[in-house]
Amino acid sequence: MVRDVKVLPALIRSRYREGASLAVVARELGVSKSTVRRHVPAQERRDASAAARQRHRSRAQTPYEQALRAQVVRLYGSGMPQQRVAATLGISVEAVVARLEPSRRRSRQEAARLAVEQQGELLPQEEVIARYAQGATMAELGRLYGVHPTTIRRRIPDDLVRPRGPAPQPRPQAGQMLVDEEVRRRYEAGESAYALAREFGVSTHTIRTRIPDADWRGRPPEKVSVPSPRPARPRKGGVRMVLVLSDEEILARYRAGQSATAIGRAAGVDCRTILRRIPETERRTHLQAQRLNRPAPDVGADTIRALRARGLTWEEIGAEVGLSAKTVRARA
């Protein structure tokens, strides 16, 4: 610990200018960081980024850091991926990347190719070939060993590679192996035509031609059901419709105040049919029909105001004149 107060500021400034951090200077001289910061001029103090770069350069000169960097470079140069280097040395992947020169870092394509080669070198090639020869597919072997099927393909000789898809089954020649007597005998024994056709490699129609009609167990011919003829619908053209109501009764109801729609509903016909039975001179206009069909036409605004002046509510007025409260309010 430095006891001389006059020498301490000079030592602090000298060590700080050499690149030592505030913590290192305080540790070497046995003082606090605030004391070191007080004796360093403000214009000479390094900012955060400069201090970080200085700490990195200072740490790179330590024997531990030099040995660690050498181990990282050696393991990475041997072909080991960054993750395995970090796991071997007990550091993070970022620490491995920081200790590698940018020119020595492998690209993603090169790293992927190297990983596939290293993973393929660990495969038991004889076992892979034996399993493939026994009938296993490349996809199944890839899932078993945790590699891509292309990696399995590289380990199998070309003369052992099977063509894709199921192996074609040789179809027997019908003229050489299909014997009519054998087909009839086996069919009479209970075998189906489909099973015989599949065994001899022919169609069921070929088997059918070898079986007599009396011995054939096929389905009986289905009877074609003839639909019963539909009854003819009577034509409407030229037939005059007979109304339930006579023309005189229709005219009497219309003069009594019923609308054409109400008369047609009672007769079961359209309102236009009713209007054709009414003379042109007696047909009501739209306003006349609206005024006639309006409920309580004699109840107007004056009547409703007079009832309101007597203190009646809308509901009471509607109950008295036979209208709804909404209609009474609309007419007022």
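## Helices H1 and H2

Let's start with helix H1 (residues 8–17) and helix H2 (residues 22–29), which pack at an angle of about 140°, their axes 10 Å apart. Angles over 145 degrees would count as roughly antiparallel, so H1 and H2 are oblique to each other instead. Keep in mind that this is a predicted model.

Who touches whom here? On the H1 side, the contact is made by Leu8, Leu11, Ile12, Arg15 and Tyr16, and H2 brings Leu22, Val24, Val25, Glu28 and Leu29. Sort those residues by class and you get eight nonpolar, two charged and no polar ones. As for handedness, H1 passes H2 in a right-handed crossing.

## Helices H20 and H21

Now look at helix H20 (residues 301–309) and helix H21 (residues 314–321): their axes come within 10 Å and cross at roughly 125°. That angle makes H20 oblique to H21. H20 passes H21 in a right-handed crossing.

From H20, Ile304, Leu307 and Arg308 meet Trp314, Ile317, Glu320 and Val321 of H21. By class, that contact has five nonpolar residues, two charged and no polar.

## The largest nonpolar core

Next, the largest nonpolar core, which has 11 residues: Leu243, Leu245, Ile250, Leu251, Tyr254, Ala260, Ile263, Ala267, Val269, Ile274 and Ile278. Helix H16 (247–256) and helix H17 (260–267) are the elements that give two or more residues to this core.

Zoom in on Ile263, one of the core residues. Which residues does Ile263 contact, leaving aside its neighbours within four places in sequence? They are Leu245, Ile250, Arg253, Tyr254, Gln258 and Ile274.

Conventions. Residues are numbered from 1 along each chain as its sequence is written. This is a predicted model: local features need pLDDT of at least 70, side-chain atom pairs count only at pLDDT 80 or more; totals for chains, interfaces and linings use all residues. Side-chain values use heavy atoms; hydrogens and water are left out. A nonpolar core is a set of buried Ala, Val, Leu, Ile, Met, Phe, Trp, Tyr and Cys residues joined through side-chain atoms within 4.5 Å. Buried means under 20% relative accessible area, exposed over 50%, partly exposed in between (1.4 Å probe, protein chains only). Helices (H or I, at least four residues) and strands (E, at least two) are DSSP runs, numbered from the N terminus. Contact means heavy atoms within 4.5 Å. Axes are lines fitted to C-alpha atoms, for helices over the stretch in contact, and angles run from 0 to 180 degrees between N-to-C directions. Angles under 35 degrees count as roughly parallel, over 145 as roughly antiparallel, 65 to 115 as roughly perpendicular and the rest as oblique. A crossing is left-handed if the near helix is turned anticlockwise from the far one by less than a right angle, and right-handed if clockwise. Ala, Val, Leu, Ile, Met, Phe, Trp, Tyr, Cys and Pro count as nonpolar, Asp, Glu, Lys and Arg as charged, and the others, Gly among them, as polar.
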